[in-house]
Amino acid sequence: AQNVTVDEIVTAYKQACQKLNCKQIPKLLKQIQEFKDLAPRIDCLDLKGEKLDYKACEALEEVFKRVQFKIVDLEQTSLDEDGASALFDMIEYYESATHLNISFNKHIGTRGWQAAAHMMRKTNCLQYLDARNTPLLDHSAPFVARALRISSSLVVLHLENASLSGRPLMLLATALKMNMNLRELYLADNKLNGLQDSAQLGNLLKFNCYIQILDLRNNHILDSGLAYICEGLKEQRKGLVTLVLWNNQLTHAGMAYLGMMLPHTQSLETLNLGHNPIGNEGIRNLKNGLIGNRSVLRLGLASTKLTCEGAVAVAEFIAESPRLLRLDLRENEIKTGGLMALSLALKVNHSLLRLDLDREPKKESVKSFIETQKALLAEIQNGCKRNFILAKEKEEKEQKLQQSASMPEITMTDPLEEDEEVDAGLETDLSKPLKCPDSANGTAVPQPLLSPEKPRDRPPPLHIAEESQHDAGVGSPAASPASAPPQGNERRISVSSPGRGHKIFVVTRVESLPERAADAAHPREDTDAAAKPAEPQSPAPARKPELPVNGAVPESAAGAIGEAAAPSEGSDHEQGDPAACESAAHDTPLPNGLKTDFVRALPEASSDGDGKIGSCAAEHELSCSKNEQELEELLLEASQDAGQEPL
């Protein structure tokens with residue numbers, strides 16, 4: 001209502017109670033008195049625990065017709081069919097709430113649910129419905145299912161302990177396949193079984209990629225049911241973000257299904273498997289799937305019957321993971337050996353911010369081990385603190401980098417293949433941030449850390465560094481746009497010189513330059529610029545000598561970058577024809593002494609005359625800079641090796 005006052009609301013409510021011959025609710029009157037600004041939605045109308053019969057509900061209309069709320073809390077208000085129907089009709093008509101709690105009302109019956117379904121269907125503002133411990137039985141479920149199928153505005157639906165097993169769940173799951181708005185679905189404590197119920201959920205996940213949270217705690221999903229759910233998740237590319245399977249009698253057999261599904265899912269970030277008798281064997285079944293997965297950030301393994309052996313498998317995953325943020329291992333029998341493995345894993349992991357373990361040490365046969373456990377627990381917590389500080393620093397650096405628009409950048413685009421070896425350069429200590437010359441002022445800017453633990457993961461943007469003018473024969477390379485898509489005629493060459501005392505890797509990706517605005521773009525030979533390289537398809541077999549990780553570009557290699565450089569605005573070839581451009585690139589010997597046949601590995605200028613020509617960018621690492629002739633010999637030998645490989 002327009003221009004309404006608190007006194008008007010109080011008076012109207014009191015009159016309605018008199019007329020209907022029902023008691024006023026003191027809790028309600030107190031809240032009305034405290035209403036401040038009545039124009040927008042008021043935060044909350046809290047009637048939790050008040051007994052609302054039909055007459056009390058009718059009197060509430062005098063409040064609902066005058067003010068709207070964000071939350072209307074009707075938990076445990078002893079609603080019957082008549083009262084519930086009346087209230088839901090009001091809430092629908094006056095659009096009274098965005099969040100509605102009707103939990104712990106066991107007697108709203110079929111008519112109550114019918115009115116609730118009508119409200120869900122008609123009200124565009126209702127986003128959150130909490131119906132925990134409010135039974136949704138066979139005869140009521142079809143109404144709710146229909147409401148959910150017809151574009152309901154609901155985003156969050158709580159149906160814990162609502163007697164859903166069987167037909168009600170089948171109707172809900174079938175309806176939700178069509179729903180594109182619901183994001184969170186809570187189905188705990190419904191005695192859902194490992195056969196029909198789980199098959200319905202698996203089917204739902206196959207077709208609905210909008211639900212982000214699925215909470216199935218305290219059901220009877222079992223290993224058989226987990227197989228259905230994993231089958232559904234395997235079909236999703238994007239979709240579920242949080243899956244809670246707490247206390248579902250899952251064993252090591254079920255973990256095998258999860259392990260096979262995990263490498264396929266790209267959106268799952270939180271996986272809670274707590275209070276299931278998974279055991280050490282289950283963790284072993286899960287480990288490779290977790291390592292192959294690229295999305296999981298939080299993992300719950302509390303009370304999963306783990307001992308030191310299981311903790312060692314978990315530690316192997318931690319050591320490999322560049323992204324895990326939180327891990328819960330409480331209520332497990334993890335003693336000195338397991339803690340030692342976890343502590344060592346944290347020395348090489350730079351992402352884990354919280355590792356929950358039991359505070360009290362476990363009993364050991366050797367008394368001195370109790371003190372060892374305490375020391376290891378402290379070490380683990382310190383490792384997490386260190387990672388937290390590193391993460392904050394990294395975030396600040398990334399913000400600074402975003403502000404500096406003129407940063408030369410090479411972006412790693414493709415994740416490495418599963419079977420690739422890690423280059424020795426990634427195994428060296430990467431605790432020092434990479435430096436990068438700012439092309440505006442030449443000052444070194446610290447770059448984000450590159451994580452050494454997981455070579456298969458996509459690293460953050462890596463920047464060419466200029467160690468000194470002597471070592472690096474490039475000034476400030478201007479980067480081609482990082483977002484440019486690779487062209488269709490892209491080919492890759494990987495070149496290596498194995499078995500030498502000092503190693504050089506020249507790993508190149510050959511691709512067409514992204515199209516420029518209106519004019520066709522042509523390379524200019526004196527421009528020093530780098531386009532995006534992909535990660536190497538097959539890196540050289542790496543021996544273990546430590547390599548510098550700052551990506552310094554040797555003088556001999558700088559020419560390879562400069563040769564097929566991105567065009568600058570003042571280029572002489574800007575208006576020239578593509579053929580002249582191509583011959584210029586092919587006839588001129590490379591500055592680093594490579595023969596011109598190496599250049600022929602570059603793609604030809606495209607036939608439609610758009611003037612794009614191949615750019616070839618390189619990532620270089622060398623362990624010790626000797627005289628130039630040796631470098632040239634090695635590069636030459638490397639290029640001849642490459643010539644024999646099929647491109």
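The legends below describe close-up views of a predicted model.

**Figure 1. Overview of the predicted chain.**
The protein chain has 647 residues, of which 51% are buried. Its secondary structure consists of 19 helices and 19 strands. Of the contacts between residues at least 6 apart in sequence, 85% link residues at least 24 apart. The structure also contains 14 cavities of 30 Å³ or more.

**Figure 2. Helix α3 and the elements that cover it.**
Helix α3 spans residues 54-64, and its buried residues are A56, C57, A59, L60, E62, V63 and F64. The cover over these residues includes three helices, α1 (6-20), α2 (26-34) and α4 (81-94). It also includes the strands β1 (42-46) and β2 (69-73). An α-helix has 3.6 residues a turn, so residues three or four places apart point the same way.

**Figure 3. Packing of α3 against α4.**
On the α3 side, the contact is made by Y54, C57, E58, L60, E61 and F64. On the α4 side, D82, G83, A86, L87, M90 and Y94 take part. By class, the residues of this contact are 8 nonpolar, 1 polar and 3 charged. C57, L60 and F64, which belong to the α4 contact, are also among the buried residues of α3.

**Figure 4. L47 in the loop between β1 and α3.**
L47 sits in the loop that runs between β1 and α3. Its relative accessibility is 0%, so L47 counts as buried. Not counting residues up to four places away in sequence, L47 touches K27, L28, L52, L60, D73, L74, E75 and T77. One of these contacts, L60, is a buried residue of α3. L74 is 27 residues from L47 along the chain, and the C-alpha atoms of the two are separated by 5.5 Å.

**Figure 5. Two residues other than glycine with positive phi.**
E95 lies in the loop between α4 and β3 (99-101). Phi of E95 is near 45°, a positive value in a residue other than glycine. With a relative accessibility of 30%, E95 counts as partly exposed. The second residue, N218, belongs to the loop between β7 (213-215) and α9 (222-235). Phi of N218 is near 55°, again positive in a residue that is not glycine. N218 has a relative accessibility of 27% and counts as partly exposed.

**Figure 6. Packing of α10 against α11.**
Helix α10 covers residues 252-261 and helix α11 covers residues 279-292. Their axes are 8 Å apart, at an angle of about 0°. The two helices, α10 and α11, are therefore roughly parallel to each other. From α10, the residues that meet α11 are H252, M255, A256, L258 and G259. Their partners in α11 are E281, G282, N285, L286 and G289. This contact of α10 with α11 has 4 nonpolar, 5 polar and 1 charged residues.

**Figure 7. N280 in helix α11.**
N280 is part of helix α11. Its relative accessible area is 12%, so N280 is buried. Leaving aside neighbours within four places in sequence, N280 is in contact with K305, L306, T307, E309 and G310. N280 and A311 are 31 residues apart in sequence, with 8.0 Å between their C-alpha atoms.

**Figure 8. T336 in helix α13.**
T336 belongs to helix α13 (residues 336-348). At 6% relative accessibility, T336 counts as buried. Apart from neighbours within four places in sequence, T336 is in contact with C308, E364, F369, T372, Q373 and L376. The C-alpha atoms of T336 and E371 are 9.6 Å apart, while the two residues are 35 apart in sequence.

**Figure 9. The second largest cavity.**
This cavity has a volume of about 70 Å³. Residues lining the second largest cavity are L329, N332, I334, L339, L357, D358, E360, P361, K362, Q373 and L377. By class, the lining has 6 nonpolar, 2 polar and 3 charged residues. Q373, one of the lining residues, is also in contact with T336.

Conventions
Residues are numbered from 1 along each chain as its sequence is written. This is a predicted model: local features need pLDDT of at least 70, side-chain atom pairs count only at pLDDT 80 or more; totals for chains, interfaces and linings use all residues. Side-chain values use heavy atoms; hydrogens and water are left out. Buried means under 20% relative accessible area, exposed over 50%, partly exposed in between (1.4 Å probe, protein chains only). Helices (H or I, at least four residues) and strands (E, at least two) are DSSP runs, numbered from the N terminus. Contact means heavy atoms within 4.5 Å. Axes are lines fitted to C-alpha atoms, for helices over the stretch in contact, and angles run from 0 to 180 degrees between N-to-C directions. Angles under 35 degrees count as roughly parallel, over 145 as roughly antiparallel, 65 to 115 as roughly perpendicular and the rest as oblique. Ala, Val, Leu, Ile, Met, Phe, Trp, Tyr, Cys and Pro count as nonpolar, Asp, Glu, Lys and Arg as charged, and the others, Gly among them, as polar. On a 1 Å grid over the protein atoms alone, a cavity is a set of points where a 1.4 Å probe fits but cannot get out, and a pocket is an open set with protein on both sides within 12 Å along at least five of seven lines; lining residues have an atom within 4 Å of a point. Grid points are joined across faces, edges and corners, and a volume is the space filled by probe spheres set on the points.
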